[in-house]
Amino acid sequence: MARDITTVGVVGLGTMGAGIVEILARGGVRVIGVEVDDAAVERGLARIRTSTARAVERGKLTEDEQTELYGRVSLGSDLTAVADADLVLEAIPEQLDLKLDMFAQLDKICGPDTILATNTSSLSVTELSVATGRSARVVGLHFFNPAPVMKLVEVVRTVVTEPDVLEDVVALAEKLGKAPVVAGDRAGFIANGLLFAYLNHAAAMFEEKYATREDIDAAMRFGCGLPMGPLAVLDLVGIDTAYNILQQMYRQSRDRLHAPAPILKQMATAGLLGRKSGRGFYRYEAPGSSAVVSDAAAGTTVAGTPREINAVGVVGSGTMATGIVEVFAKSGYQVTFVARSDAKVGAVTGALTRSLDKQVQRGRLSEEDRDAALGRVTGTTRLEDLADADLVLEAVVEELSVKQALFENFDEICKPGAVLATTTSSLPVIECAMATKRPEDVVGMHFFNPAPVMKLVEVVRTVTTSDDVVATVHEVCRRTRKHAVDCGDRAGFIVNALLFPYLNDAVKMLQANYASADEIDTAIKTGAGYPMGPFELLDVVGLDVSLAIERVLYAEFREPGWAPATLLEHLVTAGYLGRKTGRGFRDYAKK
Ligand SMILES: NC(=O)c1ccc[n+]([C@@H]2O[C@H](COP(=O)([O-])OP(=O)(O)OC[C@H]3O[C@@H](n4cnc5c(N)ncnc54)[C@H](O)[C@@H]3O)[C@@H](O)[C@H]2O)c1
């Protein structure tokens, strides 16, 4: 018989516990919150107050509802207060010994029918359940941060969980307006199982000074449309919590990509715990605040004086080249683009005109500005017409020999002092640079597709690129209203190096039958607020393109965990390349 869960005990009122109390009480459930001592109770209450006040301010909660909410909550430091609850959820720190001890205590205190739940992100629910005499009534109930906002709740079953217990807990999550997904007991479950290797990698990238914290975060926000950058997410999660989660994941997976980046341990030891302590990767106004204050580590400083850029040359006639021509022309640059035939010149001009016309129709561009932009663009089939360009950017096929030959031509044709750029997403920029006798003038400008829409440009400097060339590209990005991030010349730069191993992990999770593509996509969207789930994204990017990037990353870093998933290789072999062929991870013809 289904039990109605009307009273819930929450143990631990930290980052997660306080949010969970709020969401339960908002959902009409009576809540008994417990902390270690009176001071900790006060801190928990303060967290709930801040969060509900913000909800009232934003019109998401009325003042009456807020009062009713407090009427359902009782907080204290006596654990026996949860004795009569229908379900008790612990949200104490992510340490196995603490949680084992807590479960043993709760088992003694609570009646035999009480469901015991853990909010653990990575510990084995099975291991916790056997610390009690009721392992069939122990589940994982994994909320996401911030609990009142994120819709996902992973309901974790062990091999002995009673089905009706699972049903009742799923029903509770639904009553709270959450989107529950049932998952088996594996470290990290679905969402963290995919996200923590990525977060860890971002921390390592920062630690080795590959890019600044601002650039790493901006790259993922502007390059992938993520709501937050990875280092800001780690600060939100809590550095100590993230460290413990990774430790546990490594313990189970033995995957070195889960071995916590050393910097996380240093930060946790030094008390730099993220938002909750007022300082983590970033510094915050006060402990618990989300407002970042600038500090000594902030920002990128670009040395060198920018060269003057008026005339720009673009080589190529594909999607990227056409988009980049538009970006430059709309920002007031004179643009000469080079295509291989008159037909291709016509196709680029046609696509550009249609794109600008659409913006006029939508009221985003005036007719005068459209005409002016088109007036600045000249198409040609002769590379020699780039002789006067101040900046030349190539966006031709992703093949090294083709690009190298082009850079040899640039070297002969372009005037001294011209900046020579490649928009390659995976080839070494230095190979292009060394095809010229002026490698100091060569730089990577990695745009994202569609170029007129995506704000990010990765500025790739090689070991030979001069400071003023980097400064010039920054100035061009500022004028074209792009967000420039600096990175070194290695496979994947920032975005693809962080994104594709995560996508590959999703394929491996699917291949292992741990969760379905729908469950994984839902977990990532509702648990982390990503605009698309990994399988939606893979199908849009193209499975062949994704596999090619994964191969380049694997060849460069030789990271065993980055070897492309077999399932991805098979789908590509079968010609299931994603949306463009009507079938990838999903079948689009059916819809
Ligand atoms: N932070 C996140 O983003 C996140 C997301 C989902 C799940 N989790 C999981 O939730 C759990 C809690 O994490 P957190 O980030 O809220 O940690 P936290 O450090 O913010 O809070 C833990 C709280 O537990 C209290 N506590 C410790 N021992 C206790 C005891 N014996 N009795 C009562 N209270 C006790 C502490 O005083 C502290 O306030 C962990 O298992 C974590 O992995 C965290």
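Biologist: Hi! Can we start with Asp235: buried or exposed?
Modeller: Happy to. Asp235 is buried, because its relative accessible area is 1% and the cut-off for buried is under 20%. Bear in mind that this is a predicted model.

Biologist: Thanks. Which helix is Asp235 in?
Modeller: Asp235 has its place in helix H9, which covers residues 230-237.

Biologist: And how many residues apart along the chain are Asp235 and Lys108?
Modeller: They are 127 residues apart along the chain, and 36 Å separates their C-alpha atoms.

Biologist: Let's switch to the ligand. How many residues surround the ligand, and which are the closest?
Modeller: The ligand is surrounded by 23 residues, and the closest are Thr15, Met16, Glu35, Glu94 and Lys99.

Biologist: What does the side chain of Glu94 do there?
Modeller: An N or O atom in the Glu94 side chain is 2.4 Å from an oxygen atom of the ligand. Ser121 also has a polar side-chain atom 2.9 Å from a ligand oxygen, and for Asn145 the distance from a polar side-chain atom to an oxygen of the ligand is 3.0 Å.

Biologist: Nice. How much of the ligand's accessible area does the protein cover?
Modeller: On its own the ligand has 830 Å² of accessible area, and the protein covers 86% of that.

Biologist: Which elements give two or more residues to the shell?
Modeller: Those are helix H1 (15-26), helix H4 (96-109) and strand S6 (138-143).

Biologist: And by class, what is in the shell?
Modeller: There are 10 nonpolar residues, nine polar ones and four charged ones around the ligand.

Biologist: New topic, aromatics. How many aromatic pairs are there?
Modeller: The count comes to eight aromatic pairs. Take Tyr198 and Tyr502: their ring centres are 6.5 Å apart and the planes meet at 45°, so this pair is tilted.

Biologist: Where do those two sit in the chain?
Modeller: Tyr198 belongs to helix H7 (residues 191-207) and Tyr502 to helix H18 (residues 495-511).

Biologist: Are Tyr198 and Tyr502 buried or exposed?
Modeller: Both Tyr198 and Tyr502 are buried. They also form one aromatic cluster with Tyr530.

Biologist: Last one: which ring does the charged end of Arg186 sit over?
Modeller: The charged end of Arg186 is over the ring of Tyr514, 4.6 Å from the ring's centre. Arg490 is placed over the face of Tyr210, and there the distance to the ring centre is 3.8 Å.

Methods
Residues are numbered from 1 along each chain as its sequence is written. This is a predicted model: local features need pLDDT of at least 70, side-chain atom pairs count only at pLDDT 80 or more; totals for chains, interfaces and linings use all residues. Side-chain values use heavy atoms; hydrogens and water are left out. A residue is near a molecule or strand if one of its heavy atoms lies within 4 Å of it. A polar contact is a pair of N or O atoms within 3.5 Å; within protein, one must be able to donate a hydrogen and the other to accept it, and residues adjacent in sequence count only if both atoms are side-chain atoms. Accessible areas come from the Shrake-Rupley method with a 1.4 Å probe; for residues, only the protein chains shown count as cover. Helices (H or I, at least four residues) and strands (E, at least two) are DSSP runs, numbered from the N terminus. Ala, Val, Leu, Ile, Met, Phe, Trp, Tyr, Cys and Pro count as nonpolar, Asp, Glu, Lys and Arg as charged, and the others, Gly among them, as polar. Rings of Phe, Tyr and Trp (its six-membered ring) pair if their centres lie within 6.5 Å; planes under 30 degrees apart count as stacked, over 60 as edge-to-face and the rest as tilted. Buried means under 20% relative accessible area, exposed over 50%, partly exposed in between (1.4 Å probe, protein chains only). A charge sits over a ring if NZ of Lys or CZ of Arg is within 6 Å of the ring centre and within 35 degrees of the ring normal.
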